[in-house]
Amino acid sequence: MTARTPAHACRSVPKPAPPSPPGRLTATLALLSFVVPLSTDMYLPGFPAMARDLSTDAAGVQLTLTAFLFGLAVGQLVLGPLSDRYGRRKPILVGTGICTSVTALCAVAPSLELLTGLRFLMGFSGAAGVVVGRAVVSDVASGTAAARIFGMLMALGGIAPIVAPLVGGAIVSGSGDWRTVFWVLAGASALMFLAASLLVPESLPAEHRHVGGIRTTLKAAVSVLTDRFYLGYTLAFCFASATLFCYIAASPFLLQNVLGLSVGEASMAFSVGALTATASSAASARLASRYGSRLLLHTGLAVLLVSSAVALLVTATGNLSRVWALGLVGIGFLGLGQVFATATALALERVPHAAGTGSAVLGTLQSALGAAVAPLMGIAGGHTAMPLFLGMTGCASIATLAMWLTRQVPNPARQKK
């Protein structure tokens, strides 16, 4: 009978050396993470045509996006722990391969119901590249090295939300068919599968895996959820991310209805914000080794909270203008970029014995919070910025308070000495 290794036993086992050059591995993992922004943003310009072709309304088409995000959340929760048991390479290849096939089926779906179901499967399988990719980083790096890699991933991943709507619009305008977008997405997913098969080796050796069944997996989950440092960093990341979801959901109303920008000007303003967060993440990759991840995380949270609170105050006093709104949002995005890379690295560094599970919890909570806050942004109508900045301030406050869980508790024995 083969002895089973308990989850906690892996804590003392040293990490393996990086399996491939960091630049090549980072670029491949960044490519795998593109599936989420590409799959959510690229087909948005085709919504009106989809509604006509599938004999539905805007709400029906929106359901396909909801199904994808729900599949993404569930997929991370399932595939992350599985990667702790079976290794990283198999889940990535199987998930990306299925995602390619399902995306191609989306291009020929004859009905809204079938397309919605396929979009759920697309999100579920596409989650492999996201959740297992984060676990791979945790396998091959730690501390400031991991923060640098996560910073580069965030920076490279930040390109997709900027270009995806522009590319999607060009495809729909050029071809006149929204289905072409899914064929392009299928090709991109196939490229991701090819890159993963060639450039992402197995980063979790057999002796580091959880060889038990569901009980061992549950033990790993409990060990993750009972680590207060992990919870603190994860909650900081997820609630900071929720401020971004607030902005994404409310930005069309803020930029066009409240600030009076045209559609083109609003698109440019949104792109500048995304570029700001991307540049900040890239900077954190360089600054982590000099100043430390915790200092950068605290600084990023402080910048995000102060900018959001000032924007709320300016809005409440009736003094919101284009300069105030765009300036304060830009400053907040500077802080947000610092938070994303450092909080992720610090959280997963706490759970090297269950990096896949830790990555799954982090990603699932992020998606769930985003889905929860987005509908609240329109609660007061589309001609006020109060819900946006109130939501951003509230989420930034909770993210900052979550750092209380990561405080160092004094050692009583040391104090007596």
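Predicted model: local features only at pLDDT ≥ 70, side-chain atom pairs only at ≥ 80, totals over all residues.
Visitor: Which residues is leucine 38 in contact with, leaving aside its neighbours within four places in sequence?

Guide: Contact means heavy atoms within 4.5 Å. With those neighbours left out, leucine 38 is in contact with Ala160, Ala164, Leu185, Ala188 and Met192. Residues are numbered from 1 along each chain as its sequence is written, and side-chain values use heavy atoms, with hydrogens and water left out.

Visitor: Why is leucine 38 called buried?

Guide: Buried means under 20% relative accessible area, exposed over 50%, and partly exposed in between (1.4 Å probe, protein chains only). Leucine 38 has 11%, so it counts as buried. Its place is in helix H2 (residues 35–41).

Visitor: What makes serine 55 exposed?

Guide: Serine 55 is at 68% relative accessibility, so it counts as exposed. Look for serine 55 in the loop between helix H3 (47–53) and H4. Its phi is positive, about 55°, although serine 55 is not a glycine.

Visitor: Which helices and strands does the protein have, by number?

Guide: There are 17 helices and 0 strands. Helices (H or I, at least four residues) and strands (E, at least two) are DSSP runs, numbered from the N terminus. Buried residues make up 53% of the 417 residues. As for contacts with a separation of 6 or more, 87% come from residues 24 or more positions apart.

Visitor: How do you know that H5 and H6 are roughly antiparallel?

Guide: From the angle between their axes, which are lines fitted to C-alpha atoms, for helices over the stretch in contact, with angles from 0 to 180 degrees between N-to-C directions. Under 35 degrees is roughly parallel, over 145 roughly antiparallel, 65 to 115 roughly perpendicular, and the rest oblique. The axes of H5 (residues 89–106) and H6 (residues 112–140) come within 8 Å and cross at roughly 155°, so the two are roughly antiparallel. The residues in this contact include Gly95, Cys99 and Cys106 of H5 and Arg119, Met122 and Val136 of H6. By class, the contact has 14 nonpolar residues, 5 polar and 1 charged.

Visitor: How do you know that arginine 119 is buried?

Guide: Its relative accessible area is 0%, so arginine 119 counts as buried. Arginine 119 lies in helix H6. Not counting residues up to four places away in sequence, arginine 119 touches Ser39, Thr40, Tyr43, Thr64, Leu65, Ala67, Phe68, Cys106 and Phe182.

Visitor: And what makes glutamine 76 buried?

Guide: A relative accessible area of 2%, so glutamine 76 counts as buried. Glutamine 76 has its place in helix H4 (residues 58–86). With residues up to four places away in sequence not counted, what glutamine 76 touches includes Pro81, Val130, Arg134, Ser359 and Thr364.

Visitor: Why are H13 and H16 called roughly antiparallel?

Guide: The axes of H13 (residues 293–316) and H16 (residues 386–402) come within 8 Å and cross at roughly 150°, so this pair is roughly antiparallel. Among the contact residues are Leu301, Leu305 and Leu312 of H13, and Met386, Phe389 and Met392 of H16. This contact divides into 13 nonpolar residues, 5 polar and no charged.

Visitor: Why is the pair of tryptophan 178 and phenylalanine 182 called edge-to-face?

Guide: Rings of Phe, Tyr and Trp (its six-membered ring) pair if their centres lie within 6.5 Å; planes under 30 degrees apart count as stacked, over 60 as edge-to-face and the rest as tilted. A search of the whole structure finds 5 aromatic pairs. For tryptophan 178 and phenylalanine 182 the centres are 6.0 Å apart and the planes at 85°, so the pair is edge-to-face. Both tryptophan 178 and phenylalanine 182 are buried.

Visitor: What makes the pair of phenylalanine 237 and phenylalanine 340 tilted?

Guide: Their ring centres are 5.4 Å apart and the planes at 55°, so the pair is tilted. The pair links distant parts of the chain, 103 residues apart: phenylalanine 237 in helix H11 (residues 228–258) and phenylalanine 340 in helix H14 (residues 322–349). Phenylalanine 237 has a relative accessible area of 3%, so it is buried. Phenylalanine 340 is buried too, at 11%.

Terms used: Nonpolar A, V, L, I, M, F, W, Y, C, P; charged D, E, K, R; others polar.
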